[in-house]
Amino acid sequence: MAEEQLSFKFKMEAKEPRIEPGGGGITRGVSVREFPASKNLAGVSMHLDPGAMRELHWHANAAEWAYVVKGAVRTTTIDPEGNTYIDLFYPGDVWYFPRGYGHVLQCVGEEQCHFILIFDNGDFSEDHTFSVTDFLSSVPPAIAAQSLGISVEDVDKLPKKEVYFAQGKVPSVGSGLAVARKETTLVSPHRYPLAAQQPILVPGGGTQRIVSKKEFPIATTITGAIFEIEPGGLRELHWHPNADEWSYFIQGHAEMGVFLAEHNFVVDTYEAGDIGYVPMGAGHYIKNIGTEKMIVLLGFNSPFYEAIDLSTWLSGNPKDLLEGNFGVGADLISRFPTESKLLIPKEND
């Protein structure tokens, strides 16, 4: 398929979800197979019921970055050195698990939780995850028994296939809800409170929050950002020289245009639950075309955030050079941006 024919929009939350017979939650995964434009990043929208968990598992071909939209989530993870971590996450919090790290996700609040997962591999499949019940039920019972230190009869009591979603109790503080830490900090090795970050604020335009390896050292392959854009506001024309951009629209209505060179331009409108994609280096913008604040989650397949905004570039060039480039007079060029804009407020009516 030629690149100019690709759609850079996919209605993720309209996709038929994966639902397990035992319940516990739903998941919707979108990779390059369903969304051909999304070559280098994939995403999953997951909902868990109170007490339900996405069982102990690991990903062999991708790291996992997540943003909590709703509810409370407890995670546990293990690294190759044998260190285990238990963390609690609330709306606006982010986690990151490097490729191959074992982990589990559990909804620990009284309401259903919802989180968005981003993976640094466009061909990632949630269906091809390595789950602990699938692992133990696949090996010979004697091997499982010897490994666990139990009898073959005991192994027969374990699940005979992958559970995927398991149902547990909503844990209490006394049951090990989280690990008491010697020092109280906002950040742990796998947790970053993005919503608590002081944002870049553009009056009338909106806010920007970014978490990269600089702020969250373990996140070596994915940078995340949250933009809140006011009605009529514009995330100005820009591009990312070091990463593709994967977007999940949390709230509101937006227009996103993607420029692919040779006068090739694609524009789509987005609403909550839609995802978008912009290839590395492609010029683009995001505009709030609704009447409420628009919120979009962005993921980039790079440890660091880089963006070149058109206003910054133009304002850094001599005016006579711009006159020659655009073939217009000094009066028009004098009205071009003279400083970086980032988020541009709605034009006056």
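Lysine 160 and aspartate 156 meet through their side chains in a salt bridge, with 3.7 Å from N to O, where a salt bridge means a side-chain nitrogen of Lys or Arg within 4 Å of a carboxyl oxygen of Asp or Glu. Both lysine 160 and aspartate 156 are exposed, a word that stands for over 50% relative accessible area, with buried meaning under 20% and partly exposed lying in between (1.4 Å probe, protein chains only). This is a predicted model, in which local features need pLDDT of at least 70 and side-chain atom pairs count only at pLDDT 80 or more, while totals for chains, interfaces and linings use all residues. Residues are numbered from 1 along each chain as its sequence is written, and side-chain values use heavy atoms, leaving out hydrogens and water.

Across the whole structure, a search finds 13 salt bridges. Among them is the one between lysine 15 and glutamate 34, whose closest N and O atoms are 3.6 Å apart. This pair links distant parts of the chain, 19 residues apart, since lysine 15 lies in the loop between β1 and β2 (18–19) and glutamate 34 in the loop between β3 (25–30) and β4 (42–48); strands are DSSP runs (E, at least two residues) numbered from the N terminus.

β1 also belongs to an open sheet of 7 strands, in the order β1-β22-β19-β24-β17-β16-β15, with antiparallel pairing; two strands pair if DSSP finds at least two bridges between them. β1 (9–10) and β15 (200–202) stand at the edges with a single partner strand each, so one side of each is left without a neighbour in the sheet. β15 pairs with β16 (residues 206–211) over 3 bridges in the antiparallel sense, and valine 202 stands opposite glycine 206 in β16.

Conventions: Helices (H or I, at least four residues) and strands (E, at least two) are DSSP runs, numbered from the N terminus.
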